[in-house]
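Q: I'm new to reading protein models, and I'd like to look closely at one part of this one. Could you walk me through a single spot and then show me what lies around it?

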Amino acid sequence: MNAVKITEGIYCLPVNLESYQLFEGMWPMPNGISINSYVVQGEKTALIDLIEDVSGKPADFESELESIPLDPKNIDYLIINHMEPDHTSWLPVFHKKNPDIAIYLTAKAAGLLKSFCGIDNNIHIVKDGDTLDLGGGKVLSFHETPNIHWPETMMTFEQNSGILFSCDAFGSYGTLNGVYFDDQLSTQQHAFFIDEALRYYANIVASFSTFVTKGIQKLADLEIKIIAPSHGIIWRENPQAIIDSYSRFATYQNGPAEAEVTVIWSSMYGNTEKLVNNIVQGVRAEGLPVHVHRVPDEHVGTILASAWKSAGLILGMPTYEYEMFPPMAWVLDMFRRKKVWNKKVLRFGSAGWSGGAQRELNTLTEKLKWEFIEPIEWMGAPTQADLDLAMKQSQALARKVKEYCSQ
Ligand code: FEO
């Protein structure tokens with residue numbers, strides 16, 4: 001792949017990770033992901049972020065540099081927006097090619113650069129609003145945006161073109177193959193990247209939603225014409241579309257999210273499963289969209305996106321050895337870690353021989369600001385009365401969600 005020209009002297013170098021790889025070693029990427037670096041050429045040349053040292057990807061990156069053409073030795077400045085290894089693990093190799101390169105980064109990033117890459121020479125610490133004039137009409141300014149996604153993260157803004165190199169913020173899953181800008185997307189592709197942005201957000205950024213909101217507020221003073229994130233499509237026709245999407249995703253944490261219900265269910269021998277159809281019908285009877293996920297068949301990475309967006313959750317799980325069915329416990333613990341807060345919730349499930357799942361669920365979620373309605377629980381197999389109650393209670397949950405979302 002060749003480097004992609006954004007405007008005169010400014011290029012994107014997108015490198016695709018494929019769908020068989022796991023992001024952060026744990027998140028499935030059915031549609032892959034791009035890791036985008038950027039080159040800004042004035043009289044001097046700056047490289048913004050790098051590439052992960054995985055599966056031959058640095059070779060792709062180097063061939064994109066060559067296509068500009070640009071020799072790594074001739075890059076004057078390396079700007080590090082973010083030290084996570086998807087952007088920096090190849091840095092020690094790159095640094096051997098250009099050991100005197102001037103590196104610009106935040107103070108916290110400098111500490112991480114030393115500990116992750118063993119590099120501490122020719123370091124230039126930048127603070128909020130500092131600038132670097134490359135000559136030739138290219139001026140970079142630096143904007144600290146801590147915790148989007150790590151505490152050292154910053155964004156870089158090229159003042160004359162109005163391009164914001166936004167790092168992980170405004171990023172998405174999904175590889176880039178011949179289409180790089182929002183104005184090249186069909187309606188279907190546009191929806192795809194917004195959906196992939198939500199799943200990426202829920203997996204990677206969700207815990208830091210407060211900082212996303214603060215970061216977006218801070219950008220209000222910049223005249224942003226193009227958003228160039230570290231992952232996914234470049235937004236040049238309508239950068240506000242992805243800013244608005246991220247703003248909306250962040251608000252889901254404090255609620256209400258969308259007037260939708262996500263049903264997440266698991267079953268050992270089919271007794272809990274018997275209620276699922278009635279649960280779904282109950283939500284539909286109230287006119288709300290419903291998303292259904294079976295555990296452990298579906299990975300928590302997919303379920304997180306659906307749960308993050310939905311104001312209502314319905315959790316189906318049996319008791320297993322006096323506690324929650326373990327695959328559901330894993331999903332719910334991830335919800336706790338990712339701060340899936342402020343939901344209206346119903347739980348249903350077989351109590352087996354003793355019960356105990358509800359007790360553990362209550363304990364695990366006590367800090368999540370969830371409002372539960374009366375659960376549906378029975379010993380052994382469900383009766384017709386339990387099936388009827390499933391319909392009644394899921395309708396009640398759906399009504400509660402509607403009321404919550406109309407406030
Ligand atoms: Fe794309 Fe937080 O790294």
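A: Let's start at Thr-145, which touches Thr-153, Met-154 and Met-155, leaving aside residues up to four places away in sequence. Keep in mind as we go that this is a predicted model. You can find Thr-145 in the loop between strand E11 (138-144) and strand E12 (154-158). Is Thr-145 buried or exposed? Its relative accessibility is 2%, so it counts as buried, because buried means under 20%.

Now step from the loop to the strands. E11 and E12 belong to an open sheet of five strands, in the order E10-E11-E12-E13-E14, with mixed pairing. At the edges are strand E10 (131-135) and E14, each of which pairs on one side only. On average, neighbouring strands of this sheet are turned by 20 degrees against each other, if direction is ignored.

Strand E13 (residues 163-167) and E14 run parallel and are joined by four bridges. Which way do the residues of E14 point? From strand E14 (residues 226-229), Ile-226 and Ala-228 point one way, Ile-227 and Pro-229 point the other way, and all of them are buried.

Finally, let's turn to the largest nonpolar core, which has 143 residues. Among its members, Ile-79, Phe-170, Tyr-246, Leu-315 and Phe-335 touch the most other members. Helix H5 (residues 187-205) gives the most to this core, with nine residues. Where does the core lie? Both domain 1 (4-251) and domain 2 (258-405) give residues to it, so the core lies between them.

Ile-79 brings us back to where we began. Not counting residues up to four places away in sequence, its contacts include Met-154, which Thr-145 touches too. Ile-79 also touches Leu-132, Leu-140, Phe-142 and Thr-156, among others. As a general point, nonpolar side chains in soluble globular proteins tend to be buried together.

Definitions and conventions. Residues numbered from 1 in each chain as written. Predicted model: local features only at pLDDT ≥ 70, side-chain atom pairs only at ≥ 80, totals over all residues. Heavy atoms only, no water. Core = buried A, V, L, I, M, F, W, Y, C linked by side-chain atoms within 4.5 Å. Buried < 20%, exposed > 50% of the residue type's maximum accessible area, 1.4 Å probe, protein only. Helix = DSSP H or I, 4+ residues; strand = E, 2+ residues; numbered from the N terminus. Domains from an automatic or database assignment. Contact = heavy atoms within 4.5 Å. Pairing = 2+ DSSP bridges. Axes fitted to C-alpha atoms, helices over the stretch in contact; angles between N-to-C directions.
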